[in-house]
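Thanks for making time this morning.

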Amino acid sequence: MKKLMGFAAAMALVGGAFADCTLPTETTDVEALVYDFAVTLKTTKAKLVTLKDTQVPCDLPIAGGAIVYRDNGATLKYQGFYWTCDPSCVDSPQFDVPPYTFEYWNTTEKVVLANAVNADVSATAPTWSVLNIIGSPSKMSKVEAAFDTLTWTDLERTSASVANGAGFGTYDSKYNRVKTISGYVVATMAPPYYPHTVGDLVCPPAVAFTPCSYDENDNPTVGYGTWSLKYNASASKKLAKMGQVAGVPALMPSWARVQRVPVELD
């Protein structure tokens, strides 16, 4: 049961408040946990077509008309990490687990989404619907996992994207923590935008077409791909040594640090 509780502690990844990270001692594990999280999605991109040979901005009057439509062929990459400075776990049937904070950004477009200074973007950590140790009871070395409602809103998109994923991974029974998980993900996403503006005017989202009637619509688009989660030992030690105020920004890309709300102690 203690191993199962330790597993829950390592993987119940939810937001919350906690004390500052402290340095490890000879008799305790590192008092911080960091898990790298990554999602790569194949999705649609926006294209513009007019009745002229030369493309012009979609929001200018065009003789004969123009349309921004969507086509497949785009790849979006998202990265981030979970972190906590309170990885303790109580052997309880109620799964008394430590709080985690979720960091998440769009690597392709270099936009921080979770805990962002920009109020127009956001991200919510996924809900883990399946988290089990599987395999031989004598080894406790494998895991299965599934998540839903990983939600985010990218820059200049009016609706949220939602992803679900599942996969398998490995478990470290010595330290009672998940080591890695990887698998596949599917998503419904906000429609893409044509990357062109004129003054304050912005192109509308790329349209799709309704079967049979061929009417234009701005319904959500699709995404599919892979995801992974991996325990990061060096980042965990760095966070334990530096503390959360300085340590969390140090774990982020330099361009992302200025886009994140400063970390504060409670």
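Predicted model: local features only at pLDDT ≥ 70, side-chain atom pairs only at ≥ 80, totals over all residues.

Ring pairs join Phe-37, Tyr-78, Tyr-82, Phe-102, Tyr-104, Trp-128, Phe-147, Trp-152 and Trp-227 into a cluster, where rings of Phe, Tyr and Trp (its six-membered ring) are taken to pair if their centres lie within 6.5 Å, with planes under 30 degrees apart counted as stacked, over 60 as edge-to-face and the rest as tilted. Residues are numbered from 1 along each chain as its sequence is written, and side-chain values use heavy atoms, with hydrogens and water left out.

Across the whole structure, the search finds 15 aromatic pairs. One of them is formed by Tyr-78 and Trp-152, a tilted pair at 4.9 Å centre to centre with 55 degrees between the planes. Tyr-78 belongs to strand E2 (residues 66-84) and Trp-152 to strand E7 (residues 142-153), so this pair ties together parts that are 74 residues apart in sequence; strands (E, at least two residues) and helices (H or I, at least four) are DSSP runs, numbered from the N terminus. Tyr-78 is buried, at a relative accessible area of 0%, and Trp-152 is likewise buried at 0%, where buried means under 20% relative accessible area, exposed over 50% and partly exposed in between, with a 1.4 Å probe and protein chains only.

Phe-147 and Trp-227 make an edge-to-face pair, 4.9 Å centre to centre and 85 degrees between the planes. Since Phe-147 sits in strand E7 and Trp-227 in strand E14 (residues 221-231), the pair ties together parts 80 residues apart in sequence, and both residues are buried.

What is Ser-129 in contact with, leaving aside its neighbours within four places in sequence? The partners are Ala-146, Phe-147 and Asp-148, contact meaning heavy atoms within 4.5 Å. Ser-129 lies in strand E6 (residues 127-134) and is partly exposed, with a relative accessible area of 47%.

Finally, we come to helix H2 (residues 233-242), whose buried residues are Ala-235, Ser-236, Leu-239 and Ala-240. They cover an arc of only 135 degrees around the axis, which puts them on the same side of H2, the arc being that of the directions from the helix axis to the C-beta atoms. The face turned away from that buried side carries the exposed residues Ser-234, Lys-237 and Lys-241, and just after H2, Gly-243 takes a positive phi of about 85 degrees.
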